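Open the model in your viewer and follow the stops in order. Each one says what to select and what is there.

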Amino acid sequence: MRFVTRFLPTIDGLYKRRAKIAGFVAGAFGMALLGAFTSVVATGNGFGLDDPTPRQIYTNF
C-alpha cells in the first residue's frame, strides 16, 4: 500500500500545479468545442445529429 500512496498526488502538489491542470482542462474543453463547431460548419447539422431525411419527390407506385 505504501508503494501506491507514494504515486498519488498530495494537496500541496495539486495546489502547485493548478495552472497546469487548468490549462489542460481548458485545452481539452476548447478542442471539443472547436471540433463541434467544425462539424456544424462542415455538415450544416447540429453536433451529434443525423442528416435530415430527404423529401420524397416521386410517389411510390
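How much of the accessible surface of the protein chain belongs to carbon and sulfur atoms? Show the surface first. This is a predicted model. Its protein chain has an accessible surface of about 6300 Å², and 68% of that belongs to carbon and sulfur atoms. Of the chain's 61 residues, 5% count as buried.

Now switch to cartoon. You will find three helices and zero strands. Along the sequence the pattern reads α-α-α.

**Stop 1: the start of the chain.** Select Met-1. This residue is in the segment before helix H1, which covers residues 2–5. Is Met-1 buried or exposed? Its relative accessibility is 77%, so Met-1 counts as exposed; the cut-off for exposed is over 50%.

**Stop 2: two rings.** The structure holds one aromatic pair. Its rings are those of Phe-3 and Phe-7, with centres 5.2 Å apart and planes at 75°, so the pair is edge-to-face. Planes over 60 degrees apart count as edge-to-face.

**Stop 3: a charge over a ring.** Select Tyr-15 and Arg-18. The charged end of Arg-18 sits over the Tyr-15 ring, 4.2 Å from the ring's centre.

**Stop 4: helix H3.** Select residues 18–43, the 26 residues of H3.

**Stop 5: just past the helix.** Finish on Gly-44. This residue comes just after H3 and takes a positive phi of about 85°.

How values were computed. Residues are numbered from 1 along each chain as its sequence is written. This is a predicted model: local features need pLDDT of at least 70, side-chain atom pairs count only at pLDDT 80 or more; totals for chains, interfaces and linings use all residues. Side-chain values use heavy atoms; hydrogens and water are left out. Helices (H or I, at least four residues) and strands (E, at least two) are DSSP runs, numbered from the N terminus. Buried means under 20% relative accessible area, exposed over 50%, partly exposed in between (1.4 Å probe, protein chains only). Accessible areas come from the Shrake-Rupley method with a 1.4 Å probe; for residues, only the protein chains shown count as cover. The expected span of a helix is 1.5 Å times one less than its number of residues. Rings of Phe, Tyr and Trp (its six-membered ring) pair if their centres lie within 6.5 Å; planes under 30 degrees apart count as stacked, over 60 as edge-to-face and the rest as tilted. A charge sits over a ring if NZ of Lys or CZ of Arg is within 6 Å of the ring centre and within 35 degrees of the ring normal.
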